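Subject: Structure for you, with notes

Hello,

Here is the structure I promised to pass on. My notes follow below it.

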Amino acid sequence: MEPPFSESQANLYYNSYYLVYAVLPLLKLLCLTVIGLILAHPRTQLVPKATFKLLSKLVFALFLPCTIFIHLGETITVKNFMRWWFIPANVLLSTAIGCLLGYLVAKICKPPPQYFRFTIIATAFGNTGNLPLAIVGSVCHSSDNPFGPDCYTTGVSYVSFSQWVAVLLVYTLVYHMMEPPIEYFDVVDGGGEIQEQLPSNDLSRPLLVEAEWPGMEDRETVHCKTPFIARVFTSVSTLSYSSIPDPDSLEEASAPTSPKSIRCLAEPRVVRKLRIVAEQTPVRHVLQPPMFAILLAFIVGMVPPIKSVVYGKEAPLEFLTDSLNILAQAMVPSVMLILGGMLAEGPNESELGVRTTVGISVARLLVLPLLGTGVVYLADQLNFLIPDDRMYQFVLLLQYTTPSAILLGAVASLRGYAVREASALLFWQHVFALFSISMYIIVYFKLLLSYV
């Protein structure tokens, strides 16, 4: 239909155009989420929790890797790898800005002292994986979407390209920020740790723990539930740390053939402590199915002879990519059904406090997207972005708009710290995000598409 010719009617037409294309995709996702909520609700129990946990494992081990490999591998080239550099840089920027906002929230809202660091990291680290993929998939589902015929392939490629740096942040920054505070690490006479415990039965664990990265909480290391970094870098004599490992004993155990005196001469004490912490950081766990899919997409996509065999209508392995593409199409509905199942469990009791919960949610869902809009606009003015690529800018903006990552719940369970607080916070954030994301996507469409 052709737009009216009068200026006022044209403005009304285009405003309704932006509204429809921004709201309809979210209504589709909302419907899927509500279906998941109804299926998993305790009063209906149409689908048991075990089924949702199996579905989350299928998403993690099959649907998501297929989605990444099919679309990232098809679009990635050496040239694109260089052109897309701002996508992972933007993840780091959004996390750094979020840390500053989280620090302000912690100073203003004054959470219980043991949750000071949790307040910072919950504000800083957003969902850069499954939820942006679902939003992009819903936006691009219609053939007349405003981003063109390659909307879905390019959008998924951009989101996938950011995931490797997000996973590295999970196993470094987030992992250590979620360390149990040393001041509140109580030890009983027998040396057993008094800390928050989840039931050991897999089926009794909250769905939140396994909603996005199933199995993470099972990859416990010896010191994952202890204030290891604090013990390495501080020396507090007023508390008993019989159950917390001493860094010197670790050093001797890890290198029995190297005399301690020689090692101390070889490297400064601070360097030695940093090395010990690095050795206890479980970075090796990043090699999971989604990361393997990213690496495989890089290898296949950036080597033209291999790429011509795998991708393309006349490629010899076209039947394989078609099969993987069929599996990949189950990713978006599965992710939203799992989210509905997670919300059906309701919020847990939390010691974080209403004031801090509201403060984190406002900072993450309302303030950070405003700052992110400024960052993306400035980057565009500095020619850091791909010219006239609106989907590229849309994905960058989404990185500032999503709620805190569901992975925080899994890391909290892994570290035995703030498990109930993470569950309650993530519940309320995802409820509020239905409105905040809708509002900001309308704003983004208005900003991006008005220049097309």
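Start at Ile70. Leaving aside residues up to four places away in sequence, Ile70 touches Tyr311, Thr321, Leu324 and Asn325 (contact means heavy atoms within 4.5 Å). Ile70 sits in helix H2, residues 49–75. Its relative accessibility is 6%, so Ile70 counts as buried (buried is under 20% relative accessible area, exposed over 50%, partly exposed in between, with a 1.4 Å probe and protein chains only). Ile70 and Val310 lie 240 residues apart in sequence, yet 9.6 Å apart in space, C-alpha to C-alpha.

How to read these values: this is a predicted model, where local features need pLDDT of at least 70, side-chain atom pairs count only at pLDDT 80 or more, and totals for chains, interfaces and linings use all residues. Residues are numbered from 1 along each chain as its sequence is written, and side-chain values use heavy atoms, with hydrogens and water left out.

The chain overall. The secondary structure comes to 21 helices and two strands. These are DSSP runs numbered from the N terminus: helices are H or I with at least four residues, strands are E with at least two. Of the 452 residues, 52% count as buried. Take contacts between residues at least 6 apart in sequence: 83% of them join residues at least 24 apart.

Helix H6, residues 130–139, is mostly covered. Ten of its ten residues are buried. Among them are Asn130, Pro132, Gly137 and Ser138.

Aromatics next. The structure holds 18 aromatic pairs. Rings of Phe, Tyr and Trp (its six-membered ring) pair if their centres lie within 6.5 Å; planes under 30 degrees apart are stacked, over 60 edge-to-face, and the rest tilted. Phe81 and Phe161 have ring centres 5.5 Å apart and planes at 90 degrees, so this pair is edge-to-face. The pair links distant parts of the chain: Phe81 is in helix H3 (residues 78–83) and Phe161 in helix H7 (residues 151–161), 80 residues apart. Phe81 is partly exposed, at 31% relative accessible area. Phe161 is buried, at 2%.

Phe81 also pairs with Phe298: the centres are 5.5 Å apart and the planes at 85 degrees, so that pair is edge-to-face. Again distant parts of the chain are linked, with Phe81 in H3 and Phe298 in helix H14 (residues 289–301), 217 residues apart. Phe298 counts as buried, at 11% relative accessibility. Ring pairs join Phe81, Trp84, Tyr158, Phe161, Phe298 and Tyr392 into a cluster.

Last, a helix pair. Helix H19 (residues 390–401) and helix H21 (residues 419–449) pack at about 150 degrees, with axes 11 Å apart. Axes are lines fitted to C-alpha atoms, for helices over the stretch in contact, and angles run from 0 to 180 degrees between N-to-C directions. That makes H19 roughly antiparallel to H21 (over 145 degrees; under 35 is roughly parallel, 65 to 115 roughly perpendicular, the rest oblique). On the H19 side, the contact is made by Arg390, Gln393, Phe394, Leu397 and Thr401. H21 brings Ile437, Tyr440, Ile441, Tyr444, Phe445 and Leu448.

Best wishes
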